[in-house]
Amino acid sequence: MLYRNDKHGEPLSILGYGCMRFSRKGAGVDIEKTERELMAAYRSGVNYFDTAYIYPGSEAALGEILERNGIRDKVRIATKLPQYLVRNKASLDKYFDEELSRLRTDRIDYYLMHHLTDIAQWERLKTVGVIDWIAGKKASGAIRNIGFSYHGNSDNFLKILADYDWDFCQIQYNYMDETTQAGVAGLKAAAARGIPVVIMEPLRGGKLVNKLPEDAKKLMAGHHRGWSPADWGLRWLWDQPEVTVVLSGMNSIEMVEENVRIASEATAGAFTDDDRAFLRQILGIIRSKEKVGCTGCRYCMPCPKGVDIPGIFASYNTMYTESKVSGWAQYFQAVALAGEPSFASQCIKCGKCEQHCPQSIPIREKLPEAERALLPWYIKPLVKLGRKFLLRKK
Ligand code: SF4
Ligand code: SF4
């Protein structure tokens, strides 16, 4: 196992255990199977375990396994505040205390504001007193490092990053998302501030492994490196020194073994120009199934009317390269739940964006097409509800 340091010089295994997808048995977690997999990872050197308040049964299962095996003090627990449920300062304590009790511990090593998509959510937390609350928890040792997990666009990521003295952050990042969500711009900005970055969705929920197009799989199988699709996805991440921990939701012993093998070999700066060119070729195959040839470069931004052009096109493409549900999920996270409305319907067709698009995309024509797919009549009420509930906005 290779290790990289956190903000305070503490070594973290570059492979982190994502506890969202523990195997299920009946209505709960399959605790025996999960224990075998988790302990295999621990014995191979994994010391970072990431869970959250809302992952069903996950915190309790993790707490039980760590306690039964007497390894609580040998590992680092990351878990998350369900910030979207927080109403007042008292509820900060309520959720935190419940998490401590589920995890059978008296401290959280890495605590995250869960699933921020816009600075408006962080601003709202500040109004309920989260800054003082964090200071108190850190002073008492109940929280050792404070961070946030993020799913919005790179502009809002940079705002949140600059607004507080974070110890770490967590972003969705992989070779398909180099220019979407926080993106490489966010990764580098965090690193420039000395903030370690934890990576989630490194293999895009399987899209870069078993769900790869067949022609891409064949190309990989014939490549002289002899790497599996997981090798390509994970090694691309660890090649970047700005990446600290990569989370993998391991739910089989084979997956643990494969990930551990890669994490014991993958050093920063090991990728060659040929490796990068090969992944561009793979990406080209994935992208050939897309509806709009948008690369997410953001040269078209900002739009004077606030339309999130790359966010809308990325979600629209995901509907065709992955599934409708994935496209909608992405759209909700990056566009529909942005604090400032950024819908395609706000476009006044001024054409400013098209002058800057290196891909010559007819943006004014494609936006309404994307919106028709992303916002059919039955999705609109959900967007309204989401904005009201999560952002307290119309
Ligand atoms: S054409 Fe529409 S999307 Fe493009 S800059 Fe003008 S208002 Fe924004
Ligand atoms: S400039 Fe063109 S390719 Fe770049 S993000 Fe905007 S629409 Fe996409």
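In this predicted model, ring pairs join W122, F148, Y150, F157, Y164 and W166 into a cluster. Across the structure, the count of aromatic pairs comes to 24. One of them brings together W227 and W232, whose ring centres lie 4.7 Å apart; their planes stand at 70°, over the 60 degrees required, so the pair is edge-to-face.

The charged end of R102 sits over the ring of Y53, at 4.3 Å from the ring centre, and the charged end of K291 is placed over the ring of Y320, 4.8 Å from its centre.

Turning to open space, the largest pocket has a volume of about 1100 Å³. Its lining takes in 48 residues, and M20, R21, E201, R204 and G205 are the closest to the pocket centre. Elements that give two or more residues to this lining include strands β8 (108-116), β10 (168-172) and β12 (243-248), along with helix α10 (253-263). Helix α13 provides the largest share, 5 residues. By class, the lining holds 23 polar, 16 nonpolar and 9 charged residues.

The lining of the second largest pocket comprises 8 nonpolar, 6 charged and 3 polar residues.

Terms used. Residues numbered from 1 in each chain as written. Chains lettered and ligands numbered in written order. Predicted model: local features only at pLDDT ≥ 70, side-chain atom pairs only at ≥ 80, totals over all residues. Heavy atoms only, no water. 1 Å grid on protein atoms, 1.4 Å probe; cavity = no way out; pocket = protein on both sides within 12 Å on 5 of 7 lines; lining within 4 Å. Points joined across faces, edges and corners; volume = space filled by probe spheres on them. Helix = DSSP H or I, 4+ residues; strand = E, 2+ residues; numbered from the N terminus. Nonpolar A, V, L, I, M, F, W, Y, C, P; charged D, E, K, R; others polar. Phe/Tyr/Trp six-rings, centres within 6.5 Å; stacked < 30°, edge-to-face > 60°. Lys NZ or Arg CZ within 6 Å of the ring centre and 35° of its normal.
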